[in-house]
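Please look over the sequence and the structure below before reading on. The briefing after them goes topic by topic, in short points.

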Amino acid sequence: MMADAASRDEDVILAVRNLSIALPGKDGPALLVDDVSFDVRAHEVFGIVGESGSGKSLTMLAVLGLLPPPLRMVSGSVKLRGRELSGLSFEEMRSIRGKSMAIVFQDPMTTLNPVLRVGAQIGEAVQLHNPGMSKQDVRNRVIELLTLVGIPNPQQRYRQYPNEFSGGMRQRVVIAMAMANEPDLLIADEPTTALDVTIQAQVMRVLAEVRRRTGAAMVLITHDLGLVAETAERMAVMYGGRMMEQAPAHALFNDPAHPYTAGLIASLPRVDREVRELFSIPGFVPDSAHRPGGCVFHPRCGLANDRAICRERRPEVAATSPGRSVACHFNDETAPWRAAQERAMERPVEARAPSVADDSEPILRVVDLRKEFQIGFSLFGFGRKLPALRDVSFDLIKGRTLSVVGESGCGKSTLARVLLRLLEATGGDVFINGEPFMQMSGPLLRARRRNLQVVFQDPYSSLDPRMTIHEVVAEPLRIHGRYDAKRVDDLLAHVGMPPQTGRRRPSELSGGQRQRVAIARSLALNPDILILDEAVSALDVSIQAQIINLLKSLQAEFGLTYIFISHNLSVVRHISDDVIVMYLGHIVEHGPVRRVFETPAHPYTQALLSSIPHPQSGEESRRKRIILTGDLPNPLAPPTGCAFRTRCFRAAAECERHEPALTARTGADHLSACHFAGQTATARAPGDEG
Amino acid sequence: MLNLFLKRITQSVMTVLGVVTAAFFLVRLAGDPAVLNLSAEATAEDIERVRTALGLNRPLLVQYLDFMWRALHGDFGVSLRQNIPAMDLVVERIPATLELALTSFAVGIGLAFVLGVAMRMTPSRTLRQVIMWIALGRQAIPIFSFGLLMILIFSVWLRWLPSLGRGTWAHLVLPALTLGTYELALYLRLINASLASEQRQDYVRTAYAKGQGHIKVLLKHMLPNALLPLVTVAGINLGLLLGGTVVTETVFSWPGVGRLIVESVSQRDFPVIISGVFLISLMFVVINLIVDILYGFLDPRVRAA
């Protein structure tokens, strides 16, 4: 980085200049990516961060020459190792794709062809660029690649189909495919977004390892600021098709120059600090056809203050110091503005004292709840049983927020469904306000169900597309014969939507607005308890902060009790009073949020927490990471003794024989199920980042 | 997989039993076979004699059980008109039916494949639309009009091909084309829609990112996936072709099972009707059984389930 200009030019693998991508339309082309320039240097990781629709993925697809028609690159230059790519034909690009640059896409479940063997799919990538290679050599190379990405039994796995691989293993296969010809440039487009945080840590380590072996540079496209902070050396922030800021990663996080970057960082809940309220960028991400003129960010900007220049003139990217550039008219004002925001967010520590300390009856009491799914069909009436919930017990006090965390398949969503009685429990009891809920039926059940409402993850599929927003919110009222138009308008107002929105349909709203509607609907019947099943997981960072703040203010206003199901531990830390950690249908740890996050007792919790990438602590947190080996075991044949022992770094002979009970091992209100509970996290020996 | 297979076989047997049972009772609704098969001058004694000979004087349920019992042993009765075993009459016609059904099926699906792939590969929007309009236009013409048109052009005017009967390959051309092109539009639309949705899949993008070319991506990656929905529809359709080629068979005087059954209905030759229905339903379920097995063969996800 300190080298002189001439040798730095040789170092540049990919040089993108003034790249613009347009979507042809009736009223002229809409620019989806507008005048983007950046370099990627040899061996480095260059991060591109942005929310959905920012143009980050399109930019890299254009580099690969894979823009989906009718999108077109309308101007600009793309140079790979000094060779201009933008004028090349499809056939000429073929010899570069998969050879000099390769890409890893987001969702490993769909990236692989379901009807072709894994070995054949990797072999295809090898053979395309080595046409003379013998079948045996291709095969050997594929097995070598499978070994490189850490897939056990490559000889066997080679012959299997994608459906026989777990999500993490599939992403390894995709990485193997991308690395087949040792490309100079690897593009990773949200490579871990579809994966659990423990698997994300595994996959990121595989990526680091293959890059170390081959020296490939990497472009990491992601919406996850924490991930990019600890992986990338330099990074860029995109918004509305523009590159807003470029800087070395640590500088960008510690001292953001663009108000959008500063806003994004401030809207991120963090595990390492508590704030009273998250900063949220107002408004929503504009869609590509209706982007504001002037600076594309000005309607949402905290600095713009409706200044004419922001409305009228597009700020050009300008270098502020060597290696840093920003596209803002007033970037000098970012730092003082940010400092003011930070001060406003600081939480007075005493305010975090338990909000409800009275010893009143719990509003929700769950006792030994069990759920088994019958798997398979048999003439003789016995199939296999899949235990999804095993003896789950907890109490919840009114007005508090209990979060349930764990990897996918741990049973957290099943718990939500059983509590809602969308699924019938196999055993156990649930008491709401002291009444046994599981035994209710008929009109009584119908009446009591009002107390328990739900908000689901995906606001695109949870609203009926043919109903108006008014009807969506009114539906629960109509079902219970309490329809009142004014009440619907009130509910919409409570979630920050004007009553006129009621006439629109879900397709006219953005993701964040839809989730507001879903929340309004869930509040329609004045429930006591709201189950939020990954309710903010599908939202962009800036919108997520808005919804979290909304949920907290609604809780304070109506005295709501929340069950917050999430895989995002930073959000959990910010929103909860208590946390339950689940593994294979068991509760393995349960306690107040601060205790669980600061002194996690169970090794699984310790591993989960260490897997979270932090924007601020970057390198340090990566070194302390505990990387769990392997995937979740087959729930049909759970391990004997402690279910976690097969992946546990602290497992001993005892763990195989005795299943540890969930008891208070490290303080009265801090329950955990581990024979070695509370042994300090400093004893983390294995699995350190290599 | 084996479990699934056994389940399918059980279902198939139940289906055939159900069809035969329905056929047995439905033909009885048409009236008393004894009366329908005797001339108008027959006396009450004549009728009674025939009823006794045919066993029609027994309760219906007994007749049904008796019929099923014999059928289980391969005895489907004797044709009332021709006095030879009914099943022999039907079996004799099977080769002709299979020949026509399979050929026109192959013509339809083969053409659809070639055209479907061509439509994906051509950059010309106009060509794509022309192909689709021709296929749809053909489907809009009823089989009998199209058949007669073919006879008029190729047999009457050009005198290239025979218009009637079965024997040489030349006899097969016109009926197979008539029926096959009718099927074409259905398959073509299906292949086209299926390929269009595969085109948007991530694995296609991945294949391009490896450096693969258009033709290989289409043939190696997209086509095997696009085949899956086609197999189901093609299976059902082949079954329909086996029993439902009556119009084509009539236009071209093709001696197939369909025509035999229609003739037998007008002659009230009940044993022949039931035998025909039995064989057709048997072929239908066998084809669908094959489709299920084929599906497992084509899609590893089904195999695993």
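Between domain 2 of chain A and domain 4 of chain A there are 0 salt bridges. The model is a predicted one.

**Domain 2 and domain 4 of chain A**

- On the side of domain 2 of chain A that touches domain 4 of chain A, 3 residues are nonpolar, none is polar and 2 are charged.
- The domain assignment places domain 2 of chain A at residues 258–348 and domain 4 of chain A at residues 597–683.
- In this contact, domain 2 of chain A takes part with 5 residues, and domain 4 of chain A with 5 residues.
- About 460 Å² is buried between domain 2 of chain A and domain 4 of chain A, and carbon and sulfur atoms give 67% of that area.
- Which residues of domain 2 of chain A lose the most area to domain 4 of chain A? They are A:Arg270, A:Val271 and A:Asp272, which together make up 76% of what the domain 2 side buries.
- The C-alpha centres of domain 2 of chain A and domain 4 of chain A are 39 Å apart.

**Chain A as a whole**

- The domain assignment of chain A also includes domain 1, covering residues 8–236, and domain 3, covering residues 364–580.
- Chain A contains 25 helices and 24 strands.
- The radius of gyration of chain A is 26 Å, and the globule rule gives 26 Å for 690 residues, so chain A is as compact as a globular protein of that length.
- Taken along the principal axes, the C-alpha atoms of chain A fill a box of roughly 75 × 65 × 50 Å.

**Chain B as a whole**

- Chain B has 14 helices and 0 strands.
- Its pattern, read along the sequence, is α-α-α-α-α-α-α-α-α-α-α-α-α-α.
- The C-alpha trace of chain B spans about 85 × 60 × 30 Å along its principal axes.

**Where chain A meets chain B**

- How many residues of chain A are in contact with chain B? There are 26 residues of chain A, in contact with 22 residues of chain B.
- Together, chain A and chain B bury about 2,300 Å² between them, with 59% of it on carbon and sulfur atoms.
- The interface of chain A and chain B holds 2 salt bridges.
- A salt bridge joins A:Glu124 to B:Lys220, and their closest N and O atoms are 3.8 Å apart.
- Chain A and chain B also share 13 residue pairs in polar contact, counting pairs with both residues at pLDDT 80 or more.
- Four elements of chain A each supply at least two residues of the side that touches chain B: helix H3 (90–94), strand E6 (101–104), helix H4 (108–111) and helix H5 (118–129).
- Helix H5 of chain A gives the largest share of that side, 5 residues.
- The side of chain A that touches chain B divides by class into 15 nonpolar, 7 polar and 4 charged residues.

- Over all chains, a search of the whole structure finds 40 salt bridges.
- A:Arg212 and A:Glu209 form a salt bridge, with their closest N and O atoms 3.1 Å apart.
- How are A:Arg212 and A:Glu209 separated in helix H9 of chain A? Helix H9 runs over residues 197–214, and the two residues are 3 residues apart in it, so about one helical turn separates them.

**Backbone details in chain A**

- The peptide bond from A:Pro69 to A:Pro70 is cis, and its omega is near 5 degrees.
- A:Pro70 sits in the loop between helix H2 (56–64) and strand E4 (72–80) of chain A.
- A:Asp391 is a residue other than glycine with a positive phi, near 50 degrees.
- Where is A:Asp391 found? A:Asp391 belongs to strand E14 of chain A, residues 384–396.

How values were computed: Residues numbered from 1 in each chain as written. Chains lettered and ligands numbered in written order. Predicted model: local features only at pLDDT ≥ 70, side-chain atom pairs only at ≥ 80, totals over all residues. Heavy atoms only, no water. Domains from an automatic or database assignment. Contact = heavy atoms within 4.5 Å. Buried area = accessible area lost by both parts, 1.4 Å probe. Salt bridge = Lys/Arg side-chain N within 4 Å of Asp/Glu carboxyl O. Nonpolar A, V, L, I, M, F, W, Y, C, P; charged D, E, K, R; others polar. Rg over C-alpha atoms; globule rule 2.2 N^0.38 Å. Polar contact = N/O pair within 3.5 Å; in protein donor to acceptor, adjacent residues only side chain to side chain.
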